Amino acid sequence: MTRREFLQTSLASGILVPSRLPKFVDRLTIPPLARSVGMKSDAPLYRLAMRQIERKIHRDLPPTRMWGFGSTSPGPTIEARRGEPLFVEWANELPNKHFLPIDHSIHGAGPGIPDVRTIIHLHGGRVPPESDGYPENWYTPGKSVVSFYPNQQDGATLWYHDHAMGITRLNMFAGLFGLYLVRDEGEDALDLPKGKYEVPLILYDRSFHADGQLYYPVSADPAKPWVSEFFGEAILANGTLFPFVDVEPRKYRFRLLNASNSRFYYLTLSGKQTLCQIGSDQGLLSAPVELQRLTLAPGERADIIVDFRERRGQKIWLQNDRYTILEFRVSDTSSVDAAAIPRRLRTIQKTAEKDAVRTRLLTLESPGDPDDPSMLEPMLLNGAYWHEPVTENPTLDTVEIWSLINLTEDSHPIHLHLVRFQILDRRPFDVFTYLNDRQLRYTAEAIPPDANEAGWKDTVRADPGMVTRIIIHFEGFSGRYVWHCHVLEHEDYEMMRPYEVVRPH
Ligand code: C2O
Ligand code: CU
């Protein structure tokens, strides 16, 4: 099919059908490294400007309008080191008009509130509250804020993204996110693949009009255009559709991030190639975990090693179920790669349950009528809306257990700002009994977290019909933060709550 025929076929339906495009004609792009522009109070200062840009997602499509940082989306990768603070000036240089459909009936997005507004959050960062990107602290084009990142935390794959009240799903969909890697001595000592052998892989799904422009759906009700979830036909890797990447027959380290609005990934490699997970959201695991399939919920990260040594001259595909995301082309050359993956990566001290000063039972549920599915929105955290007073107010330097009681039919990736935590377990319970008389009746034994979830996390899958328990040490800073579901459509529509770390008195 020629390009013209292709455009005509897809125009007929209006929505781009990715499978009609030739695969693996574009090389995987790597987001550039951010460079500091100067110093501020003895620390490097970066400046990242949010702008409307155009980029090609596929050879046979015209450039796509999106929002990025500088001239790229995903934005430049910021590299930080533990203990070395830095500043970022986040400048809003976007146009005054949004190109995606805003739902003005959503809290915080009402009429009179400027359409284009942003505030950047560092996901996974232990950051003082004034630099954390509180959703209501958004600002408009022409303005900028400077955030301070202390980097007093272990090496990890963090990421930055927009968090503006009521339109995070649209600003992220437009492209406002990027990686932020914290490195430390522990990781240096392990001799992991580095330089060109360490590759970021940011995955996100999108829908496009046939002309290559982004398409975000609206509901049938013009007064409430919000949709409850978004799943796109196309899965991009670092912003390209069906990219290929040339690799040598040796080990590579991939920094995976699920930056999708709603999609969970179940990733496999073709040819029964295994992958070895060495890190999760908040840094290295205690030991590598060999996997056939990797689950990644929105907001989650995985640090993985893939060894192409036995695959000289072959092609390996990264797949999500039956969808092929990307092609690795293993060269026929030889490559020196002596270092083995260390069997011990680091020591992870288990937080003891007896150290918890408090257990909070927190439901994930909808106040709507279960007999009328159209009434099942919004979904709330412990029955409360965003605007209600703070109810989660842990004391600084104490440990708490949060039991997430999921009464909905969805899995929700729950993220807390400021902290890292450990997953204790997930336990099935009788939802019906709970809905009727608020009694927790467990129906089976508790299930420990998967081996690749047993390290430090900041986002956890709360599966339906399960009580998911996490144990959290509230350390670093006191002040106002948020916790929320990282399915962005849920987050924007009330599945987010403020919480406050209070000073002991
Ligand atoms: Cu990645 Cu509050 O978000
Ligand atoms: Cu959710």
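Predicted model: local features only at pLDDT ≥ 70, side-chain atom pairs only at ≥ 80, totals over all residues.
Arg253 is buried, with a relative accessible area of 2%.

**Salt bridges around Arg253**
- The partner of Arg253 is Asp303, and the closest N and O atoms of this salt bridge are 2.6 Å apart.
- Distant parts of the chain are linked by this pair, with Asp303 in strand 21 (residues 301–307) and Arg253 in strand 16 (residues 251–258), 50 residues apart.
- Asp303 is buried too, at a relative accessible area of 4%.
- Both residues belong to a salt-bridge network that also takes in Glu79, Arg183, Glu187, Glu198 and Arg255.

**Other salt bridges**
- The whole structure holds 45 salt bridges.
- One of them joins the side chains of Asp154 and Arg346, at 2.7 Å from N to O.
- Asp154 sits in the loop between strand 8 (144–149) and strand 9 (156–162), while Arg346 sits in the loop between strand 23 (323–330) and strand 24 (356–365), so this pair ties together parts 192 residues apart in sequence.
- Asp154 and Arg346 are both buried.
- Asp450 and Arg461 also form a salt bridge, their closest N and O atoms being 4.0 Å apart.
- Here Asp450 is partly exposed at 40% relative accessibility, whereas Arg461 is buried at 12% relative accessible area.

**The copper site**
- The copper ion (ligand 2) has His412 (ND1), Cys485 (SG) and His490 (ND1) as its protein donors, lying 2.0 to 2.1 Å from it.
- His412 lies in strand 27 (residues 412–416) and His490 in helix 5 (residues 488–492), so the two histidines tie together parts 78 residues apart in sequence.
- Along the chain, the donors follow the spacing H-x72-C-x4-H.
- His412 is buried at a relative accessible area of 0%, and His490 is buried at 3%.

**Strands 31 and 32**
- Strand 31 (residues 479–485) pairs with strand 32 in the antiparallel sense, over six bridges.
- Within this pairing, Val482 stands opposite Pro498 of strand 32.
- Strand 32 (residues 496–501) is largely enclosed by the rest of the structure, because five of its six residues are buried.

**The chain as a whole**
- The chain has five helices and 32 strands.
- Its radius of gyration is 22 Å, close to the 23 Å that the globule rule gives for 505 residues, so the chain is as compact as a globular protein of that length.
- Of the 505 residues, 61% are buried.

Terms used. Residues numbered from 1 in each chain as written. Chains lettered and ligands numbered in written order. Heavy atoms only, no water. Buried < 20%, exposed > 50% of the residue type's maximum accessible area, 1.4 Å probe, protein only. Helix = DSSP H or I, 4+ residues; strand = E, 2+ residues; numbered from the N terminus. Pairing = 2+ DSSP bridges. Donors = N, O, S within 2.8 Å, 3.2 Å for Na, K, Ca; no water. Rg over C-alpha atoms; globule rule 2.2 N^0.38 Å.
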